[in-house]
2 protein chains.
Amino acid sequence: MSLPDHVPPAAEEQPEKPGQESGEKLKRDNQNFVDDEQLHLAAAYVSDAQYNRNIQFETSPKAIRFYKLYNHWSTQGVTYFFILVDLFLGLFEDPAVYLLPLWVTSTVEFICLLMFTVRLLHFSKVTPTKVFWKDAKNICVIVSILLTLVDMIVYLVLIENGYPAVRWSRVLRPLFCVNFTESRQLRRAFRNIRNTLPEITYVFVLFLFSVAVFSLMALKLFAKRKLTTGEGAPYFSNYLDVLFNLYVLVTTANSPDVMMPAYEVSWAYSIFFIVFIIVNTYVFMSLFLAVVYNDYKKHLKNEVRKLVYMKHRKMIEAFNILKTKNGTEFAVLDSHWRQLVKLVAPEIPSSHRELLWRVLDDEQKGFIGKESFIRLADLLNIQIVQMKERVHPLEKCMPNMYNSAVSQFICRTVKHQGFRYTYDVIIVINAIFIGGDETNPLISKAEWVFLSLYLIEILLKLYAHEPRAFFARFQFWNWFDTIIIVAALLGTIVNTALKSSGGYSSQQILDIVFILRVLRLIRIIDSFQRFRILLNTLVNLIPTMLTYAGLLVVVYYIFAIVGMEAFKGRIHFYGANSSDPAAKYCGNPALKGSQFAALRYCKNNFNNLLSSFILLIELTVVNQWHALATGFVKVTHLTARIFFVIFHIVVVIILINIFIAFVLEAFFVEYSLSRSAVETAVEKKIQELGMGDCADRPAGNLVEVMETNENDLGNIDDTDLKSRLRFRIASIRYKTVDALLQHMFEGELKPEDEIPTLEEIDNLSPDDFPPKPHTFDNVI
Amino acid sequence: MSLPDHVPPAAEEQPEKPGQESGEKLKRDNQNFVDDEQLHLAAAYVSDAQYNRNIQFETSPKAIRFYKLYNHWSTQGVTYFFILVDLFLGLFEDPAVYLLPLWVTSTVEFICLLMFTVRLLHFSKVTPTKVFWKDAKNICVIVSILLTLVDMIVYLVLIENGYPAVRWSRVLRPLFCVNFTESRQLRRAFRNIRNTLPEITYVFVLFLFSVAVFSLMALKLFAKRKLTTGEGAPYFSNYLDVLFNLYVLVTTANSPDVMMPAYEVSWAYSIFFIVFIIVNTYVFMSLFLAVVYNDYKKHLKNEVRKLVYMKHRKMIEAFNILKTKNGTEFAVLDSHWRQLVKLVAPEIPSSHRELLWRVLDDEQKGFIGKESFIRLADLLNIQIVQMKERVHPLEKCMPNMYNSAVSQFICRTVKHQGFRYTYDVIIVINAIFIGGDETNPLISKAEWVFLSLYLIEILLKLYAHEPRAFFARFQFWNWFDTIIIVAALLGTIVNTALKSSGGYSSQQILDIVFILRVLRLIRIIDSFQRFRILLNTLVNLIPTMLTYAGLLVVVYYIFAIVGMEAFKGRIHFYGANSSDPAAKYCGNPALKGSQFAALRYCKNNFNNLLSSFILLIELTVVNQWHALATGFVKVTHLTARIFFVIFHIVVVIILINIFIAFVLEAFFVEYSLSRSAVETAVEKKIQELGMGDCADRPAGNLVEVMETNENDLGNIDDTDLKSRLRFRIASIRYKTVDALLQHMFEGELKPEDEIPTLEEIDNLSPDDFPPKPHTFDNVI
């Protein structure tokens with residue numbers, strides 16, 4: 001990051017140091033004046049800190065405007081869009097799901113490359129030139145763009161002249177996805193993996209040695225016996241064959257088949273295989289998980305520490321810009337702070353902003369110190385929902401009717417526990433009907449009854465509760481219910497209309513309607529506190545899980561492109577009920593009589609991006625991967641063997657273990673923490689100001705919570721804030737594991753700790769942590 | 001534990017309290033006198049503390065003699081022997097591997113029961129009657145013995161009269177294995193599992209709900225399409241069928257086969273299966289592991305805490321018996337201490353005992369306080385190896401020759417790094433020869449060359465190093481080498497002799513010789529520091545892993561007995577190359593054309609204990625378990641389905657996850673700790689006394705270590721101890737994870753902490769731990 005020239009990096013450490021430069025002096029002289037440019041610069045720093053961006057930007061007013069544009073959701077969205085277009089191009093290029101002419105795909109790809117170039121140029125305007133050229137990400141993108149261009153031209157020329165050609169640069173496409181600054185999380189996950197690799201390598205070599213030794217033993221034991229496998233092939237007849245079979249056995253994919261021929265001869269030989277599985281599958285694979293997990297934790301901790309330091313440093317930069325001298329200390333005045341927040345987060349309503357200020361300026365002094373100021377970045381990340389105690393619209397329009405005894409009775413009934421239980425029973429009964437045969441007229445009529453019942457439920461709830469509260473952003477189950485029911489209603493109506501009009505019934509619509517009907521049943525989970533907690537834990541894991549999904553997609557894409565070039569057209573699928581004799585052996589004579597053909601695996605091929613992805617997922621699940629692999633081995637020999645083994649090592653042994661390590665870690669974090677310190681502070685303040693809800697209740701119960709609080713309406717005595725306002729923290733459901741980790745690490749950072757400089761932060765190593773005494777608690 | 005009546009439990013807390021009872025007074029009056037009975041009582045307490053026994057024993061002199069006998073290795077060994085005999089009886093009872101007459105097995109079982117009764121009677125003499133009848137273990141054993149007796153009589157009577165009968169009480173046999181006091185570790189593992197179950201149940205119910213909902217969806221989507229599976233059966237035609245298939249899919253055993261019929265119709269249906277696998281296999285199974293791991297840690301921590309408290313309490317009891325007043329404080333005199341250690345560990349040589357005393361009595365005061373005394377239990381558990389700097393026997397016999405220039409050159413050569421590297425190269429070359437065809441005369445001759453080379457290596461090493469040091473207990477690789485080479489030599493000689501005498505060659509001997517040859521290659525690992533560390537970690541895990549193996553054997557045994565009663569004789573194996581037409585369908589017409597028969601799985605049956613165990617191990621590995629299960633389902637319908645699913649839940653979902661949790665935990669502990677505090681103290685003392693080796697080097701390098709230390713021989717200035725003595729801690733290799741955990745927790749227990757009373761210890765709950773602040777370190 002290029003610091004503004006007039007603020008030396010350590011300025012905040014020696015505020016009294018004489019000889020400060022002119023800009024600094026100017027500000028100090030005009031203590032209460034902060035100009036627009038300075039505000040925008042500070043806002044850029046705060047915004048970076050809020051979103052954990054690690055970008056070094058120029059501090060000229062023009063560069064900051066450019067930087068704001070660079071981070072704007074619209075430019076980011078455009079970049080994402082073109083990355084996706086570039087990736088999806090694979091569907092329309094030979095071998096294609098739907099083949100588009102070469103000029104179309106080439107033009108689209110060229111436009112994508114152009115957009116990437118524009119984006120990169122934009123970035124180069126924002127960041128100092130030196131920093132730009134030092135960054136491996138930018139170099140990588142430039143090289144990828146150039147290589148792709150060269151490859152496109154060569155390919156077009158060759159194809160036009162009738163030569164065979166390979167579009168190898170398609171392998172580079174996922175690099176755009178990883179290397180644009182937007183994909184910080186993805187890049188972090190990759191960096192974690194790269195850092196973990198050296199440690200894994202040792203275990204992996206030892207594991208390979210173990211498999212090799214066992215293979216030698218198996219060769220000596222079984223080769224001379226001339227046994228045959230179930231398919232009639234010679235059993236364990238040469239070393240490479242044994243090695244491959246035993247490697248497959250580690251994945252358990254050919255257990256117990258690989259053992260049977262030997263076991264049939266004598267039970268004693270089964271001991272060999274059992275020992276092999278215990279040593280290599282259970283012990284070594286657990287060891288892999290342990291090593292991956294251990295290293296993952298170590299590097300994650302380091303990454304999080306870097307993030308936290310970076311955030312603090314950016315906030316200190318912002319503080320130094322806005323600070324005014326206040327007695328012997330520097331502070332930020334509330335007026336500057338308000339202008340800053342308006343710039344950083346214009347979407348925050350003023351009441352909410354006042355709340356944040358009150359949290360930071362606990363003693364109502366009108367200014368805040370550095371430590372309080374730093375907390376702003378976290379405060380902005382907390383989703384505070386402002387709940388206006390709104391009057392029901394019906395009550396507004398016709399108060400007499402809505403407040404009548406009958407109406408009030410309905411409201412009470414709907415809010416009663418019994419109402420929920422009644423609908424739980426209805427859901428269970430519905431499940432039984434769904435299981436029945438839908439061509440039965442009784443059941444298809446019952447479906448209408450159930451749909452009406454659910455619709456009535458929603459309408460009643462809307463009658464009893466204020467609609468905007470009912471459809472608030474964090475009311476997951478209300479949204480879920482409504483969407484499912486309305487969609488099912490529409491689907492059923494469309495389907496019935498189609499049927500009655502022409503006797504035609506769309507299978508797709510029916511399928512969707514069926515799925516929607518079954519999904520309705522999920523709602524019953526919400527009625528059990530215990531399950532709701534588990535489900536919330538799972539829901540909380542989703543955002544970070546998506547990072548890993550992105551990582552997998554990148555890896556899959558590369559393997560899919562390579563696989564398509566290597567295996568396209570080798571295996572054909574002739575349709576589900578083809579009578580073509582070639583369908584029996586997937587159109588490739590090499591597969592005649594093979595297990596691959598016998599298992600009807602012909603559709604598992606690399607003939608387009610879609611089936612490649614599905615095949616790779618099947619390989620990730622591992623089971624039968626040897627059957628799939630040997631099918632391709634029969635067609636392309638060594639290429640396939642290498643391809644499938646490398647895929648297994650990369651995806652199953654490394655990536656899936658890291659995924660499991662992540663889920664374990666995330667679960668432990670979720671399990672051991674309920675809320676962070678910052679959130680607690682905000683909540684305390686909300687409660688102090690008497691604007692709180694009973695926030696310990698899960699968000700799903702909001703409607704009831706509002707009801708119980710109706711009596712306290714008049715108690716708000718803080719005149720600064722409008723009455724009839726309620727706040728609650730909505731982030732319990734949405735906070736990510738990353739955020740949690742950061743909050744935790746901040747708890748460890750003492751405020752007087754010196755924040756390292758930017759270069760130091762970049763070079764922090766996971767082994768730098770001060771050695772802790774080995775106590776029971778940090779090991780167990 | 002019954003405390004001696006004259007020592008109130010909290011006596012050590014208030015040593016000045018007046019009105020102590022008569023026995024206590026007597027001891028205080030005769031301060032320096034501790035009689036034999038008291039010593040024996042104290043020794044019993046210390047021995048309990050050393051071995052973490054949690055037994056309450058009577059304190060009368062007779063009971064203590066009985067107790068010593070009860071804990072003697074011979075009586076324990078006899079008990080283990082009869083437990084094993086009882087378990088192995090299953091091999092000889094119908095359905096048997098080798099059928100013995102009913103009267104033989106009945107008699108043997110009766111003898112076993114008799115021995116168990118004797119053991120229990122012995123225990124009842126040792127422990128107070130009240131405690132004995134309160135202990136669930138004892139009740140369980142008594143009930144098991146009685147039930148087994150009744151069952152045996154009923155069975156014999158029925159069989160004699162020609163009625164069919166089932167020996168159901170065989171299921172109880174593993175209970176003896178678990179409930180005898182010797183199997184503390186096993187019982188603890190079971191207790192841990194039992195405590196973890198409630199938490200697992202919630203996740204499991206949610207998981208089942210998820211599978212049920214997905215099944216309903218699959219039924220709605222696919223039932224009406226009338227698809228067929230690869231075997232031609234209807235695809236997803238009824239709910240139970242779908243449920244079973246999708247449950248199997250969670251284990252991935254039928255992936256991707258179960259998807260193929262739908263995938264062939266449309267790629268969109270593959271999304272259903274992919275979502276299913278992500279949700280149920282990856283997320284839920286990781287969640288299982290996380291919950292199991294989390295709870296396992298929690299309960300393990302509690303168990304370890306109980307153990308540590310119990311140990312402290314026992315040591316305090318011993319201290320109270322031996323203490324004498326010393327000024328205002330109580331202490332134990334060195335003379336009493338020596339007598340005590342002689343009683344507790346008679347095998348410890350006196351020099352070693354002196355070392356331990358010096359560790360405890362750091363300032364050479366001649367007495368030790370309570371805190372030092374408590375450490376004795378841990379000190380006794382550290383394996384200290386006393387290494388006498390012995391003169392090589394050849395040097396003794398013919399010093400001139402051994403010290404000659406040639407002889408010294410040989411010694412130096414053997415001890416040189418190059419010597420080891422030479423042999424590493426030889427091993428690699430040997431590996432290539434082993435891979436070759438052994439009927440080739442060149443290769444079979446080369447084998448003799450390699451054998452001689454290895455033999456020469458061992459002889460040279462024995463020449464260069466002192467033989468007793470070479471074959472010390474902890475010299476793992478030396479033992480390994482010698483045993484492998486000598487065995488291979490013997491095997492090869494016997495085989496050659498047999499061959500040349502009558503042309504007959506025993507396949508068994510050849511198999512063993514081949515395995516030995518390959519095992520030789522493993523030694524190359526020892527040449528790489530990095531791999532040696534990994535290997536040591538694995539070796540350290542073995543002792544506790546055996547606990548889990550024991551646990552699995554118990555569970556397998558129960559399932560095997562039930563399986564044999566349910567499925568014996570239903571599936572037959574006709575030999576490897578039988579021409580009997582029934583061999584094609586395993587002798588059961590229900591299996592005609594089934595996948596089970598096609599895969600040649602006939603030998604996977606419950607026809608005797610041995611094949612039952614192998615089959616259960618195959619089911620644990622999971623792959624193809626649905627093929628095995630459906631084979632048995634075709635034969636016995638619902639029984640088999642229930643049996644196989646329950647087995648999968650118990651063994652794969654619960655036990656294997658606990659096993660992985662254990663390996664992870666053990667690895668982290670091994671990874672984060674090198675040695676415990678007590679060991680460090682002992683080592684410091686050894687170094688202080690100048691009797692140490694460079695103990696940081698791994699034990700495998702001992703021979704070199706001794707060489708480098710030869711120059712310091714004259715430096716020992718402590719006249720109390722004989723010169724030419726060396727100690728080193730040998731337990732790095734052998735210490736268990738349990739021991740590590742205890743040491744770590746002891747670091748947290750402050751010495752002034754009040755040790756809870758025995759009843760409090762028993763009732764400690766894992767949630768009792770004082771809440772810790774949520775810092776980064778105890779979560780990450």
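**View 1. P256(A) sits in a loop of chain A, between helices α10 (239-250) and α11 (260-265).** Helices here are DSSP runs of H or I with at least four residues, strands are runs of E with at least two, and both are numbered from the N terminus. The peptide bond that leads from S255(A) into P256(A) is cis, and its omega is near -5°. This is a predicted model, in which local features need pLDDT of at least 70 and side-chain atom pairs count only at pLDDT 80 or more, while totals for chains, interfaces and linings use all residues. Residues are numbered from 1 along each chain as its sequence is written, chains are lettered from A and ligands numbered from 1 in the order in which they are written, and side-chain values use heavy atoms, leaving out hydrogens and water.

**View 2. Here are another cis peptide bond and a positive phi in chain A.** Look for the bond from D94(A) to P95(A), which is cis with omega near -5°. P95(A) belongs to the loop that links α4 (73-88) and α5 (102-126) of chain A. In the loop between α9 (184-222) and α10 of chain A you will find F236(A). Phi of F236(A) is near 50°, a positive value in a residue other than glycine. For background, most residues other than glycine have a negative phi, and most peptide bonds are trans.

**View 3. Chain A has an open sheet of 3 strands, in the order β1-β2-β3 with antiparallel pairing.** Strands β1 (324-326) and β3 (367-368) of chain A stand at the edges with a single partner strand each, so one side of each has no neighbour in the sheet. Two strands count as paired if DSSP finds at least two bridges between them. Strand β2 (residues 329-333) of chain A pairs with β3(A) in the antiparallel sense, over 2 bridges. Find V332(A), and opposite it in β3(A) stands I368(A).

**View 4. Chain B also has an open, antiparallel sheet of 3 strands, ordered β1-β2-β3.** Its edge strands are β1 (324-326) and β3 (367-368) of chain B, each pairing on one side only. Between β2 (residues 329-333) of chain B and β3(B) there are 2 bridges, in the antiparallel sense. V332(B) has I368(B) as its bridge partner in β3(B).

**View 5. Chain B and chain A meet, with 111 residues from chain B and 110 residues from chain A in the contact.** Contact means heavy atoms within 4.5 Å. The two chains bury about 10600 Å² between them, 70% of it on carbon and sulfur atoms; buried area is the accessible area (1.4 Å probe) lost on putting two parts together, summed over both. Of the interface residues of chain B, 99% are also interface residues in chain A, so the copies meet through the same surface.

**View 6. E264(A) and R600(B) form a salt bridge, with their closest N and O atoms 3.8 Å apart.** A salt bridge is a side-chain nitrogen of Lys or Arg within 4 Å of a carboxyl oxygen of Asp or Glu. Across the interface of chain B and chain A, 6 salt bridges are found. Helix α12 (residues 268-322) of chain B gives the largest share of the side of chain B that touches chain A, 20 residues.

**View 7. A rotation of 180° with 0.0 Å of shift along its axis superposes chain B on chain A (RMSD 0.1 Å).** The two copies are thus related as by a two-fold rotation axis. The superposition is by least squares on the C-alpha atoms of residues with pLDDT of at least 70 in both.
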